[in-house]
Amino acid sequence: MPEITVGYVAGAIAAAIFVELNELRTVASGALQRSYWPNLLRSDAAKNHGVRKDIIFLTYFISFMGALIAIAGIVTPLGLYETLVSTDNVQTPFRYLNDSSPFGYGTPPRSNLTFNRKCGNLGLLPCPYSDTIVINVFDQSGNSTMETPYGYNMTIPSIVTETYSSGVGNDTTISNYFDIEWRRYQTNSDPDLNNGSTFLVGAFRPMQSLALNGAIQPVEGLIVDTVNGGVGFRNHTIPPGFKYGATWEEDLLFIEPETVCVNTNTTLDFTIAPSPNSTVSIVDLVLTDRGGFVNLNKSYPLVDLSDPQKNPKLHERAWKAAWMTNAWTMLLYNVTNQYNETSGQKAFSYLNSEVGKTFAVPNQDNSDYYDSLAMDSTFKEHLNIGGSIGSTDSPNADARPPRLGVDGISSSNFSAISLICSGSGGADYANITNVFVTCGIMRGIPQRQDDGPKMIFQANSRWSQSIYSCVTAVKATIKTASFTFNGTEDELSNLNITSLRNKEYANDESRPLWGVEDTGNAYSQLDMKPIWGLVSSDYDNNQNVSVVRQDSLYLPGYSSSFSSLFSEYAFQNLPGSEFYQSAASSAYSVGGGSSAPVDYSGGNNMAMWARWRELSVSPENAAKIPNIVFTDYAAAAVVGTKGVLGPGNAAQRNLVALPVRPTERRIRYRWPFAIPAFIVALMLIIMTIASVVTLIFGHGSIAKMRAHLHQSSTGRIFTTFLHPEQGGLRVQSKEWSKRLGTAVVDLSGDYPMRAGPMQQPEKWDTAASGEASAEGEQFLGAPGQASPRTEYVGVQGFGQPQPYTGVQYTVPPPGGK
């Protein structure tokens, strides 16, 4: 059976309209009279003097319907179009889909070596549930050494893997903690660990940057969201065998950053040097009070961090960090004072600032330090504390920075802001309440303040950099992803994520149960990175598992300048506990003096510079920048190994009963194009109903309709006068056609004339030829008797006709022979 296309349907519509239009047409004369030529030429047919009004209306109505049908014939097919639609759900096998992008060929095959763990910072400690024995030996001087008489076992105990894998099985596409692996890895060995045997560790290297894509896209082992930030874990499989592809949905584990930025209401302002050189490109560098100093709240902000899983208070943390940054900066520039215990002078006793006041800032030696984005977790780099005021610095600033040490203010005061903002450090306990939070100062892309190109650093142009206080936490959550595979080629680029939304739950009991190791505060965060994951309800009251039942879990940990993806993890393999801390910490080390292998400042990438410039105009939009950078790092760091075919896609058949909606081609219609056709159909329905009503109530009949058609037939009228011996207006159509179908009427003169002999039929029906009627009696004197009248017989051609008296002849009476 051929596939139905738009062409077939359009042809059917055109055929239907053609049939409808031709229902009104007869032979040549009828077609001519029903054309628009009578109106255009103002012929007799166009005159309506003396014509009944209902006949006039009917005439115009027929013309209107003809025009409307013609319009419908043109417009109606224009509404047809083809589209791809999803059909009913089916169950179909899935298969692995290879990634041919840099993420695909840059990801090595999975190793047979498994996860491993090492606990202890200053010395070895046995990890939870481990059979490792560690003995502290003290000498006479009190110095201690740690010994492991039976070796140090790095294997993750089965009770731990079972606990943090219990929340989801292989019958779901949701990944768990142990489905997350390092994208790139290497092996290591140590005589004190695992009896010297080889173990696996992570080894990060950058991949293709996705930061500017602004899309939700699949790469090997992940769904990467560079719109809002976050990575979802999926070992990609697709349902093959569908010509136009298929659509389906999956629930996936996502790790996503959550960032809040607050405006400090201070800016760095500078002028591009008239003759920039390789070392100095800006002059007149100042810190400007935009309200951050003069309007500073004089009460120390307190933040309640008692239940960070319910609400980590990110905005409050960012605001507090901004407050502390401004307060210490005010003390540094002697804008105000701190509490003096000796004299009893209260803090903020004076305030030497106003909106718009400027403060000179020592210029950095790096010429591109201020022309791009910078993220700084020390909260002080923008002030260049310790730098000297040179000839290129602002000579017209309202205030100059004092030397370090005035009133005890130093760079260490600013460095403490990050720890206070984070809420916990390495010495705090490793548990569910100490969630990972990293903080820092963002210097946005500078915005031009005078007229001119907004992306060109012209000489003597004036620029301003906003300063934001930003805070980022990381959470695990479950999202529902809608997939479409177009089916043309088995390429990952043909797999599209059409929507991504938070998973919806019917009630609180259906929300996921998240668990984090609870060691009774036996380990600090320096000693151990807790394992987390989705757990079953059996662990709801387990003393060794801290649980929360909610949509998301804020992941545990602490921010450290040493938590960098660029330092290889040489002594354990726990990517689910480490990658997010390292990716977030790396996202706060951008520009300035950063040594990151990927430049996210925009200093060497104009497209990135332009993108960050758009986002830097407000703290709400600027908060997307750390999220995107985090996502780019995370995408290069880890992969998900679980798919529809289970962990590693090792199964031969689907382990997840996943409904799939095949995509098929369908013909659709844009209904506004059918309005003319609807009007035609309505008119025809009304006409049909009127005809039926007239027929039922006796006002009309088929016989009357036939008689009227005969009476209005031009050919019948001519033959009735020119060939009355052959019958009148009531002769049956078939018989009339036999007798008079070959008759020729000459219409070239002023009067119709016979144009030659008529071919007589072999036989004729005398009964039919003798019909008489009331209409015919006006032409025939009496039934069966012709009336004498004058006729004109003209010479063949165009000569003047000559009058003569008609002959008498007998017409057979009705029923006669």
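This is a dialogue on how to read several features of a predicted model.

Me: How should I read a pair of packed helices, and at what angle do the axes of H7 and H8 cross?

Reply: Two packed helices are described by the angle between their axes together with the distance between those axes. For helix H7 (residues 314-332) and helix H8 (residues 411-422), the axes come within 10 Å and cross at roughly 165°. Angles over 145 degrees count as roughly antiparallel, and so H7 is roughly antiparallel to H8. The crossing of H7 and H8 is right-handed.

Me: Which residues make that contact, and how do they divide into nonpolar, polar and charged?

Reply: On the H7 side the contact is made by Arg-317, Lys-320, Ala-321, Met-324, Thr-325, Trp-328 and Thr-329, and on the H8 side by Asn-413, Phe-414, Ile-417, Ile-420, Cys-421 and Ser-422. These residues of the contact of H7 with H8 divide into 7 nonpolar, 4 polar and 2 charged.

Me: How are H9 and H12 oriented to each other, and what makes up their contact?

Reply: The axes of helix H9 (residues 575-587) and helix H12 (residues 624-637) come within 8 Å and cross at roughly 130°, and H9 and H12 are therefore oblique to each other. H9 passes H12 in a right-handed crossing. The contact is made by Phe-579, Tyr-580, Ala-583, Ala-584, Ser-586 and Ala-587 of H9, and by Pro-626, Val-629, Phe-630, Tyr-633 and Ala-634 of H12. The residues of this contact of H9 with H12 divide into 10 nonpolar, 1 polar and no charged.

Me: Turning to strands, which residues lie on the two sides of strand E9, and are they buried or exposed?

Reply: In a regular strand the side chains alternate between the two faces of the sheet. In strand E9 (residues 222-225), Leu-222 and Val-224 lie on one side and Ile-223 and Asp-225 on the other, and all of them are buried, which leaves both faces covered.

Me: Which strands pair with E9, and in what sense?

Reply: Strands of a sheet pair through backbone hydrogen bonds, either parallel or antiparallel. Strand E8 (residues 216-219) runs antiparallel to E9 and is joined to it by 4 bridges, with Ile-216 standing opposite Asp-225 of E9. E9 also pairs with strand E10 (residues 231-233), in the antiparallel sense over 3 bridges, and here the bridge partner of Ile-223 is Gly-232. In the hairpin of E8 and E9, which has 2 residues between the strands, Gly-221 takes a positive phi near 85°. In the hairpin of E9 and E10, which has 5 residues between the strands, Gly-229 takes a positive phi near 100°.

Me: Where are Asn-334 and Asn-649 found, and what is phi for each of them?

Reply: Asn-334 has a positive phi of about 60° although it is not a glycine, and this residue is found in the loop between H7 and strand E14 (358-360). At 40% relative accessibility, Asn-334 counts as partly exposed. Asn-649, in the loop between strand E27 (646-647) and strand E28 (661-669), likewise has a positive phi, near 50°. Because its relative accessibility is 12%, Asn-649 counts as buried.

Technical notes:
Residues are numbered from 1 along each chain as its sequence is written. This is a predicted model: local features need pLDDT of at least 70, side-chain atom pairs count only at pLDDT 80 or more; totals for chains, interfaces and linings use all residues. Side-chain values use heavy atoms; hydrogens and water are left out. Axes are lines fitted to C-alpha atoms, for helices over the stretch in contact, and angles run from 0 to 180 degrees between N-to-C directions. Angles under 35 degrees count as roughly parallel, over 145 as roughly antiparallel, 65 to 115 as roughly perpendicular and the rest as oblique. A crossing is left-handed if the near helix is turned anticlockwise from the far one by less than a right angle, and right-handed if clockwise. Contact means heavy atoms within 4.5 Å. Ala, Val, Leu, Ile, Met, Phe, Trp, Tyr, Cys and Pro count as nonpolar, Asp, Glu, Lys and Arg as charged, and the others, Gly among them, as polar. Buried means under 20% relative accessible area, exposed over 50%, partly exposed in between (1.4 Å probe, protein chains only). Two strands pair if DSSP finds at least two bridges between them.
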